[in-house]
Every structure is written in structure tokens, then in C-alpha cells.
Amino acid sequence: MEERTLNRKTNQSLFRFWRHPYSLSYLLLLFHAILPVNYQCVVIPSPISGLQMAQLKYLSGFGNEFSSEDPQYPGSLPQGQNNPQICPYGLYAEQLSGTAFTCPRSINQRSWLYRILPSVCHKPFQPINSGNLVGSWNEVHPNPNQLRWKPFPIPPIQNGPVDFIQGLATVCGAGDATVRNGCAIHTYCCNSSMDSRGFYNADGDFLIVPQQGELMITTEFGKMAVAPLEICVIQQGMRFSVSVTGESMGFILEVYGVHFALPDLGPIGANGLANPRDFLTPVACFEESPSNSTFTVLAKFHGRLFSAKQSTSPFNVVAWHGNYVPYKYPLQRFQVMNSVSFDHPDPSIFTVLSAKSAFPGTSIADFVIFPPRWAVAEHTFRPPYFHRNCMSEFMGLLSGKYDAKGAGFMPGASSLHTIMTPHGPDAESWSQGAHSQLKPEKVGDGAMAFMFESSLSLTATPWASNVSCRDLTYHKCWEDLTSHFQHRF
Ligand SMILES: O=C(O)Cc1cc(O)ccc1O
Ligand SMILES: [Fe+2]
């Protein structure tokens, strides 16, 4: 059977309206077209011209209780209840739970999806080749050294298409998806769109950080365009498919058993860092499936990939409501805090999102960024300090230059300093920081670095340890640090 593409805009003709078995209820529901629907739309021009997504609409806010219906199907969202005996337009109701039913209300997350067929309508899942994905850390050899990688190579299209899922490789991680505690860091390097393939991750949430290439992500909740300097979060179980316009590369922080939240602001006050209204969630937009279609749903379960066929698009959700949703965030919206007197504050002031562990103030993983900012601290060594940390630090450079490193940490490069591994500015950056004149200075103009910081002891996978872009000379960047100790005698 021929596979159909998932990102085809579906036929929503009047003809289909009249032949639909629930056309009477259509008429009644037309009244809903004039009723206000409880959402706040933001229209953001898409950066992706090649994907014909000129303008996408989004709902604004973090952790909100949203509702959305495909504008072509007014009244498709049931009002006043979740489970009408028959849903509007003959849709099926399906709940997607992101937390235990009984989680406290403040952290409880779930959404109700109203879809053409429920997700259960698929052929059995079969295991497929999991490539360079790793989900268990038993075979991984620990390495306490400083590790660094030049940009992970994107396979050229001449060598064959590689999509977002085929291009996944696990760099490092710790913990276990089966006991819902841990995290993994992956890279994706791809050159093609997923077309008729949808994917869900049963293991955890993906925080996706594109470094090269814009992503058009179709989800069950609608479509998101995510360009470099934007990030998105697709939470456990949400189906999605990634289209690209060319060679694309980026990083993924996966967390098991916990969801990302905004950090508390403490004495900072009610505003600052990542502000909730800058988080954007897609609006409902569904795909119908012509008869005789076949779609593939891929699953990541216990770190392994599985594949199943089904006859309807997994993106067949006409309306939804809830607070368990995918979202994106433009990193330039981050309001940076820093010292205006002296000394270098800890990088936790740059936390965008936290996946908290059960220990107060200690995260499974934090997503931290280093945006352009003014440095004004007096009588201070301004670059990042030398450091040994009880947390693991995975860093990447999206653009520009990082203030602790020279050319060896180029855009697209990444590094891992795991628990108690000493690290800090390279010899040249130290020299600059120690001797430069301390006038007000813009740090990292046009630059953006990020850090995935985890309380878990991250270990690199065999793939990451042996990949050809590993910088085996990394340790040399500190070799020129010499003693300046002034003996008393
Ligand atoms: O470059 C790093 O290692 C990250 C980092 C940045 C910073 O400003 C202070 C401490 C720190 O670990
Ligand atoms: Fe550090």
C-alpha cells in the first residue's frame, strides 16, 4: 500500500460537510462559531518559507489551561463536559495524561483530545533498528575526563535521506526510563522530512535545541515552527513529525519521570528570566486521511525504537483542551540578570527551565542559556570561573563565541564536564579576563551558548566516545596556564 504524506493539507470541502453522517449536529454546532472560544492567539510569522507555513497561530502562556479547535470545525470542542455520549462531529474523546491522576493540582497535567479515530487503532508495534540511541547505561564505560566534540556531522543528502528520528544519536545520560528517573542528551543530524512517519517518546520529555536548520513540527495539538535560537518541548507520549528544509542539526535534553517548569524567582520578584507569556503552544489543526492510506507511528520505549502501521494520520485531532501541551520559546526573549557590582554569579541566574528532582533545589536537569548581556562588574574576573561541580555540565554553542573558550568551541560544538571534573576558561580566555580593562562591555554579542546541567552523573555513550568529531586535544586548552604564584622568599 502506498504511504501518504502526513503534512498534506487536507481537503475540507463543503461536499464533505453534507455527506458527513453527523451533518445535522454540524448545523447546531454552527452556533458555536459565534461564541468566544477560550484561547488567546498570537500570530507569529514562520521563519520557514520553504515549508509554506507563512503564518502560524499560537496560544501564549506557560502551564495554562488552554482550549483550541480547528477553525474549520467550530463547536468541535465539547462544552461543559469531557465525555459527551457522542462527541461533536462524531469525534472520539481521548485523554493524554502527563502526570499520575492523583498528582497535586498544582502539578497535575493532562489534555483531552477530540479525534477522528482514537490512537489505539494501529497494527501491533514491531521492534526496528534503534541506530545510535541508548536508553540503558550499563554497558557504558565511565570517563571522568573533560570531553569535547566539534559539530556532529550532518549526513549529506547525496548519501541518502536521513530524517529526524533516523538521525538521533545519544551522547550521554544517566538513570533509567523504566523507573522514571534520569535523563539523556541526544543530538539529531538529519537532511530529510519524516513525511508519513509520526513519533512518540514513551520514555520522557524532549527539550529540542536546534543549532542549524529550521524545524516544522506537526504535533497532535497543531504545528510549530522552531528555528535556531528557539527551543521547543514535546512532552512524554505526544505524537509529532519533523519536517526540515535542508541539513539540520541540534541537541535534545530528554528527562524521565518529570516535566519542565519555570524556575522560582525568589528575591528577583514577579518578573524576569523566561517570562510565562513568551511560551507558545500550537493551535488545533488536523489532517484527514484518504481511504487506503498507511501511516507509520514510531515509538521510543525503554530507549529502543518500535514501528506500527495505521490507516489514519496520528495528527487527526480536531479539537483539544488541557494543560499538557507542547510549546516553544524564543531564547532572545530571556530577560538576563547579572551582577552590577562585583564578582561572577553562578550560572543558575540563566536558568530557562528546570526538571526538578525530589531533592529541594536540585534538578534532574536544568536548561540554562548564556545570552548576549552587559558585563559591568568591577575589580572582577568576569569570564566563568574555574570550577568543580557536584552536578554534570553538558554545554553547546549555538552561535558566536563563548566567553570561557576560544576557537576550539565553535558554533555547533559541545562539551561534557561530568561530576567533579575540573574545567574553566581556557588559557587564552583566562589571560584576557585577568588583564582586560574593566569597562562596561557587551559579552557574547550575537552569541548564544547553552548548558544542560544535571544532578546525575552523566556518562558518554560508546558512540560519543568514538565519533570522529570528538576533540581529543581538548585538555590542551589548559596546558598554557602557568603558575603566577609570588613566593615570599
Ligand atoms: O562554562 C561553564 O562551565 C559553565 C559555567 C558558567 C559560568 O558562568 C559559571 C560557572 C560555570 O560552570
Ligand atoms: Fe562549569
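Helices, meaning DSSP runs of H or I of at least four residues, and strands, meaning E runs of at least two, are numbered here from the N terminus. Keep that in mind for every label I use.

This is a predicted model, where local features need pLDDT of at least 70, side-chain atom pairs count only at pLDDT 80 or more, and totals for chains, interfaces and linings use all residues. Residues are numbered from 1 along each chain as its sequence is written, and chains are lettered from A and ligands numbered from 1 in the order in which they are written.

The overall picture, then. The chain has four helices and 29 strands. Of its 489 residues, 43% are buried. Buried means 20 or more other C-beta atoms within 10 Å of the residue's own; exposed means 12 or fewer; partly exposed is in between; and the C-beta atoms are placed from the backbone. Now contacts. Two residues are in contact if their C-beta atoms, placed from the backbone, lie within 7 Å. Take the contacts with a separation of 6 or more: 79% of them join residues 24 or more positions apart.

On to the record. UniProt positions are given in the numbering used here, feature names are shortened, and annotations may be inferred rather than shown by experiment. An unreviewed UniProt entry puts "domain: Homogentisate 1,2-dioxygenase C-terminal" at residues 333-485. That stretch is 9% helix and 27% strand, with its end C-alpha atoms 43 Å apart.

Next, the annotated sites. Which residues does UniProt list for "binding site"? The unreviewed entry gives His387, Glu393 and His423. They span 37 residues in sequence, yet no two of their C-alpha atoms are more than 10.8 Å apart, so they gather at one spot.

Start with His387. It sits in the loop between strand S24 (373-375) and strand S25 (392-399). His387 is partly exposed, with 15 other C-beta atoms within 10 Å. Beyond its neighbours within four places in sequence, His387 contacts His423 and Gly424.

Now His423. Its loop runs between strand S26 (414-417) and helix H3 (427-435). Is His423 buried or exposed? Buried, because 23 C-beta neighbours lie inside 10 Å. His423 touches Gln146, His387 and His417, again leaving out residues up to four places away in sequence.

His344 is in the loop between strand S21 (327-330) and strand S22 (351-356). It is partly exposed, with 16 other C-beta atoms within 10 Å. Setting aside neighbours within four places, the contacts of His344 include Thr380, Arg382, Pro384 and Tyr385.

Now the sheets. Strands of a sheet pair through backbone hydrogen bonds, either parallel or antiparallel. Here, two strands pair if DSSP finds at least two bridges between them.

One open sheet has six strands, in the order S7-S26-S25-S28-S23-S22, with antiparallel pairing. Strand S7 (147-149) and S22 are at the edges, each with a single partner strand, so one side of each has no neighbour in the sheet. The twist averages 10 degrees from one strand to the next. Angles run from 0 to 180 degrees between N-to-C directions, and axes are lines fitted to C-alpha atoms, for helices over the stretch in contact. S22 and strand S23 (residues 363-370) run antiparallel and share five bridges. Within that pair, Ala355 is bridged to Ala365 in S23.

Another open sheet has four strands, ordered S3-S20-S5-S4, also antiparallel. Its edges are strand S3 (66-69) and strand S4 (92-97), each with a single partner strand, so one side of each is left without a neighbour in the sheet. Here the twist averages 20 degrees from one strand to the next. S4 pairs with strand S5 (residues 110-115) over six antiparallel bridges. Glu94 has Leu113 of S5 as its bridge partner.

Last, strand S10 (residues 197-201). Five of its five residues are buried, so S10 is largely enclosed by the rest of the structure. Arg197, Phe199 and Asn201 point one way, Gly198 and Tyr200 the other. S10 pairs with strand S18 (residues 295-301) in the parallel sense, over five bridges. Gly198 is opposite Val297 in S18.
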